[in-house]
Each structure stands twice: as structure tokens, then as C-alpha cells.
Amino acid sequence: MPEIALFSVILFLVEFVRGAALVSFLPVFGQKTLGLNFDVIGIAITAHYLTDTALKMGIGALLDRFSIRFVVHVGLLTSLAGIALLQFASSPWLFIVASALYGVGISPIWIVCLTRVSEEKRATQMGFLYTIWLVGLGAGPVVCNFVIDHSISATYYILLGLSALCWLLSLLISGAKATNVVSLPIREQFKVLGERLRHTKLLLPGMILQTGGAGMLVPILPSFAENRLGLSGAQYSLLLLAGGACTAAGLIPFGRLSDRLGGKKWFLVFGFVFIGVALYLLSTEPSIGVSMALAGLLGLSYAALLPAWNALIANYVPPQQAGLGWGIFSTVEGIGGMLGPVVGGVLAASMGEPSVVLYSAVLYGVIGFFYIWFPFRSFT
């Protein structure tokens, strides 16, 4: 199997399981099977993002020194252990630990993919990678919602089996190190990256708040869809499918358009603003038809901003330390994803699910208007 095809398959399966677990399985399993509150579920999801985020910088450094197969294989084995532990999670703390362990294996394959993208066609190739990522991330909850209506245990064993398959596929990865990385002493690498980070002050709001806004929604999505939008499990799957299909369909065209036309700044601005508008309208608890249309708008908006956002971040990654660089920037972005579920869980427990969607909409709107003043030269 060609290397890029193997990476794509592993990335798809990893994101399939992640989407199914975080968006559908963990909230339903935690609430209905274990009787946990939203705040505990939010903490568990945050624990997942905490290990994912904390390890990204370290995994980037490991990829600069060890073989790709070793790093990816160990990470996926740890994630498999986290999924396996869920069947014994009879108490909240064990539920949180299992979710945290699962977060370990997510970072390596994504960082590897980022380091394999060529600079000449970055937006186009990132559009392809994000398509693989989002199709997996979106298909996971869709399939999970159909199966979970019939059997929670069957859903669990599907996730466990796919996690095991990812681990086995990682054995096929070559034992070579990343070829586009020049090894430097770790102190010198951090010195170079420190220079780049000092120039990213204007990026920090977008890096943290965008993942925070999305993270806030994760613990409450199934409950909000059922209790506030009146959706069945199948209809909720269609809602996710509508958003994911529009994102997947738009990523490569928007990436190519961004490469050809330039003006990536406006792709970023309008993407954030329209996400905020769509979420605000969803918080008003519209009809099923309107909800589906808003899910499509969310997907297209996300497709517009992702290639532009990646192209912006790429300008600050030192090419000689690509693995470590992407790891550090992914870590900074992950801070929002780490804090978001806790904030969303607490808001939902105290103010209700619609308030979480509303505050997430406000965050995205603020980010969009903030980047209107971002200088164009930072995108070139």
C-alpha cells in the first residue's frame, strides 16, 4: 500500500472512532448508562483533549528523532487501551481516565500528515487531508447514532474493533524517519520556535477561541438535538451528515480557489462570521428543515476557513523542524479544545443547552470581526 494511502486510511479510521466516541458514544454512554451529569462528561472529553494537546508538542519532537512507525504505533496502542478500559468504567474517575488515555494516539498520525504536505500546493493538499479528516469525523457519529439506537454494547465493540484495526495498520508504516526534518539540539529547536511564537500574538485569539467554541458544543450536541430540536437519532445523524457533506464537498474547491485568488484573509473572516450566524440561528431552536439548512451553512463556512487558516499558520512553522513546529502550534490550538468541553458542560448544567450554542456563536462572531484587521501580508 503506498505510504500516503496508508496514512489516509489510518487518519480516516482514527477520526471515525474519535467522532463516534466524542460526539455520540461518550455523551450517551455517560449520561444514559452511567448516569453521569453534563459536567462530568465535559471533564472526560476535556481529559481526552488534554492528553491530545499536551502530547502534540512532545510527539512533534519525537518525530524529529524516532521513526514514524514507532511513534504512531505506540500512540495508537495507548488509544486502544483507553477504548478497552471504557467497558470497566463503572465510576466517573475511571470514565475520565479512559477518555484521557484515548487522547494519546490522536496526535501522531495528524502531525505526520501535516509534515508530508508540500509548500507549493499546501492549500490544495490540506483541503484533501481535511476532507479525509472530516469525512471520518462526520461519518463516525452518523453510523454511531444509527447503531446506538439498537445497542450501546454493539456500538462499543465497533469502536474497539476499529481502534484495533488502526493499531494493526500502523505496523505497515515504514521504519524511516521523517525526511523533511533536520535534527537540531532540543534547546536550539525551542529557541527557533520561540522566535516564531513571538510573532504570532495576533493568531492566539483564533487559535484558542475557535477550538474552544467547538469544544463547548461536544458534551451537549446529542441532548440539544433530541430535547431542543426534536430530532430522533436518525434525524440527528442526517443533521451531522448534512454539515459534514457540505464541508467535505467544499474543502478542495475552496482550497484551490484560495490558492488561485489569494485573499485568504477574507476566506477566514467570512468563514468565522457565518459559523457564528449559523450557530446563533440554531440556538433559537428552529424547525427540522431550517436546522438541516443551517448545518449545511456551517459545513460550507468551515470548508472556506480551514485551508486559509492552515496556510496562515504554515507561515510560522520552521521548515527544518516541521514535526516539532506543527506539534507546538497544534498544542496552542488544543488549549481551546481542552477548556471548551468543561465550559460547555458547566453552562449546560446551569443555564441549559441553548445557552452553550449561543455563547459559541458569539465566540465565532468575535473571531471573525477580529481578523478583519489582520494584515494581508501575514497570509503570504
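Student: How many residues line the largest pocket, and which of them lie nearest its centre?

Tutor: The model is predicted, so local features need pLDDT of at least 70 and side-chain atom pairs count only at pLDDT 80 or more, while totals for chains, interfaces and linings use all residues. Residues are numbered from 1 along each chain as its sequence is written, and side-chain values use heavy atoms, with hydrogens and water left out.

The lining of the largest pocket consists of 20 residues, and V28, K32, D149, P222 and E226 lie nearest its centre. On a 1 Å grid over the protein atoms alone, a pocket is an open set of points with protein on both sides within 12 Å along at least five of seven lines, a cavity is a set of points where a 1.4 Å probe fits but cannot get out, and lining residues have an atom within 4 Å of a point. The space in the largest pocket comes to about 340 Å³; a volume is the space filled by probe spheres set on the points, with grid points joined across faces, edges and corners.

Four helices, α1 (3-33), α6 (122-148), α10 (221-227) and α11 (233-261), each supply at least two residues of this lining. Helices are DSSP runs (H or I, at least four residues), numbered from the N terminus. By class, 10 lining residues are nonpolar, seven are polar and three are charged. Here Ala, Val, Leu, Ile, Met, Phe, Trp, Tyr, Cys and Pro count as nonpolar, Asp, Glu, Lys and Arg as charged, and the others, Gly among them, as polar.

Helix α1 also holds S24. This residue counts as buried because its relative accessibility is 0%, buried meaning under 20% relative accessible area with a 1.4 Å probe and protein chains only. The side chain of S24 makes a polar contact of 2.9 Å with that of N145. Such a contact is a pair of N or O atoms within 3.5 Å; within protein, one must be able to donate a hydrogen and the other to accept it, and residues adjacent in sequence count only if both atoms are side-chain atoms. Beyond its neighbours within four places in sequence, S24 is in contact (heavy atoms within 4.5 Å) with residues including P141, P222 and Y236.

How values were computed: Buried < 20%, exposed > 50% of the residue type's maximum accessible area, 1.4 Å probe, protein only.
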